[in-house]
Amino acid sequence: MTLKSKQRIIFGIVVTLLVWPLVHHALVVRYNIDKWSFLGFSMYITKRPIQVNGDLTLYDVDGVEVTSGEVDQEQYQAVERAILDSTRQRIAYGDLYDSKRLARDIFKASDTIHRFVFEFDLLEMNRETAIFEGVRIRYEAERADDHGNVRVTESSRELKSPQGRHDRGPAVQSKLAPDGTRESRRAA
Amino acid sequence: MNVCQVFLNRMFDSERDAVAGDTLVRSTRLLLMIHLAAGHIVRFAAIQPMRSAAMVALCLIAINARWQRAAIALAIPLQIYNVHEKFPNVANHLWIETLMLVVLLMLGDSEEDNTLYRQFACWLSFIVLFYTGLQKLWYGTYFDGQYLATKIALFHHFRDFFAIVVPQQEIERLQSYVPIQAGSGPFLINSLPYLVVINSVWITEMLAGVLLFFRRTRMAGFVFGMFVIIGIEVVAREIFFGVLFVAILLAFLRADYVRRLLLPATLLYVYLICVHYFTWLPRFTFYP
């Protein structure tokens, strides 16, 4: 490789690095992507949103609740990994997060599960008050057919108390739709 | 002189600043391999010993200057796997390591290539320092110190340092908000010295970047940059990032100071590996 080619490559890398933080900032503002991820140089700026108090309820094809002990252990571990993975993805991708991914991953992990409800709190610090505010998110999914299609409903409610369990007022706008819930049918 | 050369010369002039018989690329390759091997030992030796062993073997190969590029070429897939495993939550220093590997693989040992590496490293130093400061200004969470207040609440090494400027009752109040739930806070600290320290972080970072940009103030920028790193090491204990960034920053000096860094850095990494695996050594919190 000639010196000129190397110079061009280094030049390209440096210019990309110079421009990328500006693009990253725009993506944070527009799509709420994680400030720490995607080489944004904005690590150590704000605390990442925190996902806590997760409650997972599983149902079989007859609508009967399935306990973790009734699911094959390997499959259940895969379900737990899917939950953990979705937590990371949701925070990193912000509004660009594909909400059906969790449903697809869980249904792929276990044949026993036909429907599930996952509720959790998502906390974020309010920059003005420096107090953590949160929403309780209810994520409900079921198999739509045998071809891997899923039906997902997601709604959220504001949290108020330090325990993060008490609701304040009516349901706020869902992240998925203005009316609070939305059913979606799309191929997995 | 073409646009690329003019642009790259902005941070390190190939005519005026070039070092005769420069060996910085060679030293940086070896340091980077030692850095990666140490990181792999700390992160993976207990859970994926073969992965650590592979990186250590590549590091040993890199001791021979003739085999360094081959070692780096083989280290790149391991590093890409590392990035893939963590994506999208990839720490920035992992991206920088990957970028360094690619650049150091591409560059040879000639004087021109050493100069080109210095130009890259100097630009990288400027970008990292300037943008980390600018982002803190953009997001505004350092004006009142909210973000670091959460760190004080959660981590003892942050408390150890900030106890100098934050009253004990304030630290206890912050700790009472843990575990963090909806309503936890406010993560604000009523202490002028704290606010001065916190705001000096982003100001120093940006100032270091700006000073590095101009030839006449470059040495002052270098000193400010070193201050930033020392601050990060004392407070956040990002030791591995610290060593790597010091090596990058040393490209501003007109001699191969990375070669002098090799021994102390290796000893430091050996110490940290021992701290990590042998419980009889005094505990020391650090981040690989």
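Modeller: Before we start: helices are DSSP runs (H or I) at least four residues long, numbered from the N terminus. This is a predicted model. With that numbering, Asn64(B) sits in the loop that links α3 (49-61) and α4 (68-86) of chain B.

Colleague: Is Asn64(B) buried or exposed?

Modeller: Asn64(B) counts as exposed, because it has 11 C-beta neighbours inside 10 Å and the cut-off for exposed is 12 or fewer.

Colleague: How far is Asn64(B) from Arg26(B)?

Modeller: Their C-alpha atoms are separated by 9.8 Å, and the two residues are 38 apart along the chain.

Colleague: Staying in chain B, how many residues of α12(B) are buried?

Modeller: 10 of its 11 residues are buried, so α12(B) is largely enclosed by the rest of the structure. Among the buried ones are Phe240(B), Phe241(B), Val243(B) and Leu244(B).

Colleague: What covers the buried residues of α12(B)?

Modeller: The cover includes α2 (24-44), α5 (92-106), α6 (111-139), α11 and α13 (257-277), which are helices of chain B.

Colleague: Take α11 from that set. At what angle do α11 and α12 of chain B pack?

Modeller: About 170 degrees, with the axes 9 Å apart; α11 covers residues 218-235 and α12 covers residues 239-249. The two helices are therefore roughly antiparallel to each other, since angles over 145 degrees count that way.

Colleague: Which residues make the contact?

Modeller: α11(B) contributes Phe222(B), Gly225(B), Met226(B), Ile229(B), Ile232(B) and Glu233(B), and α12(B) contributes Ile239(B), Gly242(B), Phe245(B), Val246(B) and Leu249(B). By class that contact of α11(B) with α12(B) has 8 nonpolar, 2 polar and 1 charged residues.

Colleague: Over to chain A. How many helices and strands?

Modeller: Chain A has 3 helices and 6 strands. From the N terminus they run α-β-β-α-α-β-β-β-β. Of its 188 residues, 32% count as buried.

Colleague: Which domains is chain A divided into?

Modeller: Domain 1 is 1-46 and domain 2 is 50-186. Their contact takes 6 residues from domain 1 of chain A and 7 residues from domain 2 of chain A. On the domain 1 side, 2 of the residues are nonpolar, 3 polar and 1 charged.

Colleague: And the helix pair in chain A, α2 and α3: what is the angle?

Modeller: α2(A) and α3(A), the latter at residues 100-109, pack at about 170 degrees, and their axes are 8 Å apart. That pair is therefore also roughly antiparallel, and the crossing is right-handed. On the α2(A) side the contact residues include Gln75(A), Ala78(A), Val79(A) and Ala82(A), and on the α3(A) side they include Arg101(A), Leu102(A) and Ile106(A). In that contact of α2(A) with α3(A), 6 residues are nonpolar, 3 polar and 3 charged.

Colleague: Last topic, the A-B interface. How many residues does the contact take from each chain?

Modeller: 43 residues from chain A and 42 residues from chain B. On the chain A side, α1 (3-31), α2 (73-93), β3 (115-125) and β4 (132-143) each supply at least two residues.

Colleague: Which element gives the largest share of the chain A side?

Modeller: α1(A), with 13 residues.

Colleague: How does that chain A side divide into nonpolar, polar and charged?

Modeller: It has 25 nonpolar, 10 polar and 8 charged residues.

Conventions:
Residues are numbered from 1 along each chain as its sequence is written. Chains are lettered from A and ligands numbered from 1 in the order in which they are written. This is a predicted model: local features need pLDDT of at least 70, side-chain atom pairs count only at pLDDT 80 or more; totals for chains, interfaces and linings use all residues. Domain bounds come from an automatic or database domain assignment. Two residues are in contact if their C-beta atoms, placed from the backbone, lie within 7 Å. Ala, Val, Leu, Ile, Met, Phe, Trp, Tyr, Cys and Pro count as nonpolar, Asp, Glu, Lys and Arg as charged, and the others, Gly among them, as polar. A residue is buried if 20 or more other C-beta atoms lie within 10 Å of its own, exposed if 12 or fewer, and partly exposed in between; C-beta atoms are placed from the backbone. Axes are lines fitted to C-alpha atoms, for helices over the stretch in contact, and angles run from 0 to 180 degrees between N-to-C directions. Angles under 35 degrees count as roughly parallel, over 145 as roughly antiparallel, 65 to 115 as roughly perpendicular and the rest as oblique. A crossing is left-handed if the near helix is turned anticlockwise from the far one by less than a right angle, and right-handed if clockwise.
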